[in-house]
Amino acid sequence: MAFKKLSAQEISEVIAKIRSKYDFYCKTFYKPSRLKQEFENRYRDALKQGFDVSNFLLAEISVIEELVKKEEDKIAQSKPVQEKPKEDFADRIILENLKKIEKYPTVHIHKDSSEEIRRLVGGLKKIYDIHIPELHSLFRKLDSNPNFKYMEVYESRLRILADVGKGLVPAQLTRFYAYLNKFPRDYRAIDWEEKQYILESSFLLHDLHNTLMNILEETPGLSPDLKDNLKNIIDYINSMIEDFRLKDLKRKM
C-alpha cells in the first residue's frame, strides 16, 4: 500500500509522534522498552537502504497505533458493558503538550530533532535576543541590588544554549547535532544529549526567574514602568517553565 509523500516538517512530526507513542505504550502497558529501540533500528536500516521514508513512517505509526488500540480495547472489555471506551489518551496528551509550546518561535536544528527542542531553543533565543538587552537597559538605571551581578553569568549561559551565531546550532547542541548526522545512529547518546539540553535549560530558567523575582522584591525605587517591564519578562520565563513541563527540574539546594 502506498502512502502520500510527507514534507520534511511532517516527517519530523511523525517521528516524534511515533517515539511518544512507544514511550506511552511501554510505560502505560508495562511493555519492554526494547520495542522503541527496535523501531529506531528499523528506521536506521530504512535510511541506510534508501527506502521511501514516507511509506516507512506512515506504516510504522499505523503499527504502534494498532498496538495501543489493542491494549486499550482489552482494558475497555474488562470494564462494565455500559462504560464507553475513553478517547485515545496518548494522542490527547501529546496534542495538549504540543499546543502549549506552539506560541514559541522555532529554530531549525536538524530535520530529525523534536519540535520540543526546536521550540525550547526558540523560546530561549527570544530571552537572549530581546529580554536580556531589555534587562541591561533597565538595570543601567539602577545600582542598588546585588543580584545585578548575576546577569552577565545568565547572558553567557543563554549564549551557549540559544545563540546559533556562525554555527549551525547553539554550542550546547553541537554533540546532539553531530550524533544525529552520524550513521548508524547512537540513539542512547542522542537521548542523553537531548535530556542534558533540557536539564541545563530548565536550570537556567529557574535561576533567572528567581534572580529577577529577588530584584523585583528587593530593589527600592522601582518605577511603575520598570516594575511592569520586569514582571512581563518574569511572566514569560514562568510560562516557559510551565509550558515545557520544567517545574520540577530545578537545582537541588
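Mentor: Buried residues (under 20% relative accessible area with a 1.4 Å probe, protein chains only; exposed is over 50% and partly exposed in between) make up 41% of the 253 residues in the chain. This is a predicted model, in which local features need pLDDT of at least 70 and side-chain atom pairs count only at pLDDT 80 or more, while totals for chains, interfaces and linings use all residues. Residues are numbered from 1 along each chain as its sequence is written, and side-chain values use heavy atoms, with hydrogens and water left out.

The chain has nine helices and zero strands (DSSP runs numbered from the N terminus: H or I of at least four residues for helices, E of at least two for strands). The C-alpha atoms fill a box of roughly 65 × 50 × 35 Å along the principal axes. Mean pLDDT, the predictor's confidence in each residue from 0 to 100, is 85 for the chain, and 91% of the residues reach 70 or more.

Now to your pocket (an open set of points on a 1 Å grid over the protein atoms alone, where a 1.4 Å probe fits, with protein on both sides within 12 Å along at least five of seven lines; lining residues have an atom within 4 Å of a point). The volume of the largest pocket is about 1,600 Å³, counted as the space filled by probe spheres set on the points, which are joined across faces, edges and corners. Its lining takes in 44 residues, and those nearest the centre are Arg19, Ser20, Asp23, Lys36 and Glu116. Two or more lining residues come from each of α1 (8-28), α2 (34-48), α4, α5 (115-139), α7 (174-180) and α8 (187-218). Helix α1 gives the most, with 12 residues. By class, 20 lining residues are nonpolar, seven polar and 17 charged (Ala, Val, Leu, Ile, Met, Phe, Trp, Tyr, Cys and Pro are nonpolar; Asp, Glu, Lys and Arg charged; the others, Gly among them, polar).

One caution concerns α4. This helix (residues 89-101) has the lowest mean pLDDT among the elements, 77, whereas α9 (residues 224-243) has the highest, 94. Where pLDDT is low, predicted coordinates should not be read in detail.

In α5 sits Ile117, which is buried at a relative accessible area of 0%. Leaving out residues up to four places away in sequence, Ile117 touches Ile109, Leu173, Glu194, Tyr197 and Ile198 (a contact being heavy atoms within 4.5 Å). In α1, by contrast, we find Gln9, which counts as partly exposed because its relative accessibility is 39%.
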